[in-house]
Amino acid sequence: MIIRLSEKVKLNIQGEYCAFIDKYIDRFPAEHSGIYLYCVKNSATKDIDTKDIASVFNKDEKDIIALFNYLALLDIAETDGKAMIIKGSLSEGTPIGLIKRPEYSPEEISYARKNNPDIKLLLEKTEKMLGKMLTHKDIETIYCFFDFYKLPADVIIFLLDFCISRNKRRMSYIEATAVNWAENGINTIEKANDWLITSYPDNKEVLDILKAMGISGRFITSSESELIDKWKNEYGFTINMILFACETTVSSIGKASFKYADKILENWYKKGIKTIEEARKASEEYSAKQKKEHEKKKSKNQFTDFANQRKYDYGALEKMMFKKHTPTEDK
């Protein structure tokens with residue numbers, strides 16, 4: 001097997017090698033780092049054979065191939081079936097996922113939790129969302145998203161919502177997603193929304209539903225996802241009908257409620273309402289009926305109050321009047 005340098009890699013002795021040493025020296029054994037740098041240097045001008053590399057480092061060729069297979073797993077190298085190709089340019093920025101993340105002591109995290117309300121809220125929310133007591137390792141990982149990957153707390157919560165909605169609750173999966181977002185500069189809710197639409201086109205509908213509900217800063221929960229699935233697949237409603245139901249919900253009760261929207265859509269489904277025009281007409285008829293009943297109830301209450309105001313104790317009044325007009329006896 002030969003080792004070839006990707007055309008995208010720009011050699012810079014002062015930048016390329018120093019960047020690798022600074023960021024990978026504690027990640028790889030020194031010998032592996034030396035082999036990698038040797039390949040970068042020599043494959044810049046020619047293809048080099050793994051036999052030659054093995055000879056230079058007094059290693060078995062199988063060990064050299066195993067090393068580059070490992071680098072391929074880390075996305076530092078790739079194979080085209082004939083050669084191992086060194087990828088990327090360290091001078092353009094090393095993927096954060098390849099850098100060994102720091103470890104945090106319980107004391108460090110305890111201090112951060114006490115002195116940063118965002119951390120305290122983030123950890124409490126994470127525990128509630130995952131539905132379990134977080135271990136120190138879990139807490140350390142979540143704190144790493146904030147401290148090392150530099151993701152804001154609201155973005156981390158949005159990320160957790162997204163993973164949980166896909167039924168991905170393992171911390172390894174959540175961390176892999178966090179690394180992906182950090183490497184791609186996804187550090188705002190807006191950028192996270194754009195990423196979701198690009199990576200998972202079906203999520204555009206979900207984001208539109210949240211927007212219609214007036215919800216921002218989070219992704220759907222698993223129970224909300226199940227409701228949306230029911231509306232689309234069991235009831236057969238179009239996204240426009242679902243959005244209209246969400247807007248009707250907010251205008252009716254003044255807040256977001258997937259349960260209320262579910263009742264609306266269930267009612268439309270039972271009545272065979274399939275278009276926005278039919279739904280709007282049904283909504284107007286319902287509002288008119290509610291208004292009429294309200295007016296009727298109000299009128300009845302006013303009559304009752306009027307009648308109640310005229311309920312007198314005539315016996316007591318008669319006694320009062322008799323007492324008032326009876327002359328007092330002379331002493």
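This is a short tour of the predicted model above, one selection at a time.

**Before you start**

Residues are numbered from 1 along each chain as its sequence is written, and side-chain values use heavy atoms, with hydrogens and water left out. Because the model is predicted, local features need pLDDT of at least 70 and side-chain atom pairs count only at pLDDT 80 or more, while totals for chains, interfaces and linings use all residues.

**The whole chain**

Begin with a cartoon view. The protein has 16 helices and four strands; these are DSSP runs numbered from the N terminus, with helices being H or I of at least four residues and strands being E of at least two. Of the 331 residues, 35% are buried. Here buried means under 20% relative accessible area, exposed means over 50%, and partly exposed lies in between, using a 1.4 Å probe and protein chains only.

Switch to a surface. The protein exposes about 21200 Å², and carbon and sulfur atoms supply 52% of that; the areas come from the Shrake-Rupley method with a 1.4 Å probe, and for residues only the protein chains shown count as cover. Contacts (heavy atoms within 4.5 Å) tell you about the fold too: among those between residues at least 6 apart in sequence, 65% join residues at least 24 apart.

**Stop 1: helix 8**

Helix 8 is mostly covered, with twelve of its 13 residues buried. Among them are V155, F158, D161 and S165.

What do those buried residues pack against? Show helix 6 (117-130), helix 7, helix 9 (171-183), helix 10, helix 11 and helix 12 (222-234), and you have the partners.

Now zoom in on I156, within helix 8. I156 counts as buried because its relative accessibility is 0%. Leaving aside neighbours within four places in sequence, I156 is in contact with L122, I142, F145, F146 and L151. Try the distance tool on I156 and F146: they are ten residues apart along the chain, and their C-alpha atoms are separated by 7.7 Å.

**Stop 2: the ends of helix 8**

Most residues other than glycine have a negative phi. Keep that in mind here. Select K150, in the loop between helix 7 (136-147) and helix 8. K150 is not a glycine, yet has a positive phi of about 60°, and is exposed at 58% relative accessible area. Just after helix 8, N167 also takes a positive phi, of about 60°.

For another example, go to N58, in the loop between helix 3 (50-56) and helix 4 (61-73). N58 is not a glycine, and its positive phi is about 55°; with a relative accessible area of 71%, N58 is exposed.

**Stop 3**

Center on W231 next. Beyond neighbours within four places in sequence, W231 is in contact with G236, F237, I242, F258, A261, D262 and L265.

**Stop 4: helices 10 and 11**

Select 189-199 (helix 10) and 203-213 (helix 11): they pack at an angle of about 140°, with their axes 8 Å apart. The axes are lines fitted to C-alpha atoms over the stretch in contact, and angles run from 0 to 180 degrees between N-to-C directions. Which residues meet? From helix 10, N193, L196 and I197; from helix 11, N203, K204 and L207.

**Stop 5**

Finish at residues 239-253, helix 13. Its buried residues include M241, I242, F244 and T249. Helix 13 is followed by G254, with a positive phi near 75°. Is S257 buried or exposed? Buried, at 18% relative accessible area. S257 touches M213 and T249, not counting residues up to four places away in sequence.

How values were computed:
Expected span 1.5 Å × (residues − 1).
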